[in-house]
Each structure stands twice: as C-alpha cells, then as structure tokens.
Amino acid sequence: MSPQDIQIAEGGPQPRRRYLDMVLSYQDPDYLQQLLLYNRALRQRNAVLKKIKKREARLDDLETWNAGLVEYAEKITRSRQRFVAEFEGIFQDSLERISSHRDKLRLRLIYSSSQEEEDYAGALRRHAPRDASLGFTSVGPHRQNLGFEQGSLDITRFGSQGQKRSLVLALRIAQFSFLRRNLGLAPILLIDDVIRELDAGRRGAFVELLKESGQAIFTTPDLDGMDSYPGDLKADTRVLYVSEPGQADWQS
C-alpha cells in the first residue's frame, strides 16, 4: 500500500485494470499466460489496422488475427467475471469495516461495449471499419474497467476523498484476504506512509483489520503523530531508524 494507490480510485480505467490483472495473475498463472498471449495478438491486429489505415491491407486481413484474439479474450473475461463474483463480498466486508458501515459499494466489471459482452467475435467484425480509421482495436479486455458504484453514483468520479481512500485501502486488504484464501499463504503487508492520511475512525478500523493479517511493515519519513496511533499498533512493534545509507538502529 502506498499513497500512489489513490490512482486506482482517481485515475482512469488503466490503474483499475492493472490492479485487476495483478491480483488475478498472483492467484492464477494461467491467467497471466492468457493475458500475455492476448496482448501479443492485440499488437499484431493493431499492426494490421495501421496498414489498413494506410491502404496497405484490407479488412479481410483481420480475420486471421481475430480468431486468436477472441480465444484469449473470452478466457480472460470469464476469469475476470469469476473473480468479481468471488471478490465482491470480501471487498464489501473490508470496506464496511474500514468506513464503519458508512460506505457500501457494488463492484462490477464494465465492458468496452454491450456487443463485446454478448458476442466478442461479432463485436470485432462490427467495429472493424471504425478500428481501421482509428488504427487500433477499440473493444476487448484491454478496454474493460472495474466499476465501484453506490446506487447509481460512480465513486471514482463523484466520491469524496474519504470514500476514495477507504476504497483503495479496502481493495488492498481484500486483496490480502483473497490471496490468503486461494493460495493458503499469508502475504506480508508493505505499507508506505498511508495510515496517517486516514481520519481517526478509519484509522482504528484499519488497524483492527491489520491485527488479523499477521506481519506488516510500515515506512514513514518521520514519527510525528505516532502518539495518535491506536495502542494496538504500537504494542508489538519494532522501529528501525535509518539516518543514512548503511546506518540503522532498532528500537522496540
């Protein structure tokens, strides 16, 4: 966890896809392989589209690449669908605990078009003229998004800073729980100066979740504000002071 994680909530679809792919790849090596094969096929199809745009190839030339792209895309989408179905409950539990039940969000996979969800092969053919004019493939898993909604409200666009911070922390805690459940291993949490950005309520709930997680390593440029941290965070803690490279002192 780091302050840059806020981009998952504030940035465009790319950070959310990266998060989705990262968690799935940790849990399922086959998913990572399918993703690599899909990206290779996507680059090849895009290369043909650029040739078509320059009138150096025809739309019919896309069919060779469409078949491979569809095969990988369908497997990736099915894996993402299963993940969202399993992950949503874990995420909602973490979010409600961090926000003291103030925030309740629905997690869903957003497709690049309704045609893609129903018939990806058909969507590729229907979008082919448009793709040729653009020079790239406009539908597929590389354009999918992870949505977080409260009612009809998109939190990534209209949520408060507190809601967004709760969202990204809940995602990381849920990621930990999801991987522990599926891998049978407890990851080590690495936390880069995040907790001080939380209000008192969220901070306390966050620490309660950390107590269930095992080992956690925090980094911070200073210890200002440590007195305001919950006692459970300080009770069983060792502090390593690094004054300059090669020089460090432990304090229990």
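**Exercise 1. Which residues is T137 in contact with, and is T137 buried or exposed?**

Start with the neighbours: skipping those within four places in sequence, T137 is in contact with L42, R45, N46, L49, L124, D131, H142 and R143, where contact means heavy atoms within 4.5 Å. Before going on, note that this is a predicted model, where local features need pLDDT of at least 70, side-chain atom pairs count only at pLDDT 80 or more, and totals for chains, interfaces and linings use all residues. Residues are numbered from 1 along each chain as its sequence is written, and side-chain values use heavy atoms, with hydrogens and water left out.

Helices (H or I, at least four residues) and strands (E, at least two) are DSSP runs, numbered from the N terminus.

Now the accessibility. T137 comes out at 1% relative accessibility, so it counts as buried; the cut-offs are under 20% relative accessible area for buried, over 50% for exposed and partly exposed in between (1.4 Å probe, protein chains only).

Last, look at R45 again: its side chain makes a polar contact with the side chain of T137 at 2.9 Å. (A polar contact is a pair of N or O atoms within 3.5 Å; within protein, one must be able to donate a hydrogen and the other to accept it, and residues adjacent in sequence count only if both atoms are side-chain atoms.)

**Exercise 2. Which residues have the most contacts inside the largest nonpolar core?**

First, the term: a nonpolar core is a set of buried Ala, Val, Leu, Ile, Met, Phe, Trp, Tyr and Cys residues joined through side-chain atoms within 4.5 Å. The largest one has 53 residues, and F87 and F91 have the most contacts inside it. Helix α4 supplies the largest share of this core, 12 residues.

Then zoom in on F91: not counting residues up to four places away in sequence, F91 touches L105, L107, F148, L167, A170, L171 and A174. Another core, of seven residues, lies apart from it, and L49, A57, L62 and A132 are among its members.

**Exercise 3. Where is I90, and is I90 buried or exposed?**

I90 belongs to helix α4 (residues 63-98). With a relative accessible area of 10%, I90 is buried. Leaving out neighbours within four places in sequence, I90 is in contact with A174, S177, F178 and R181.
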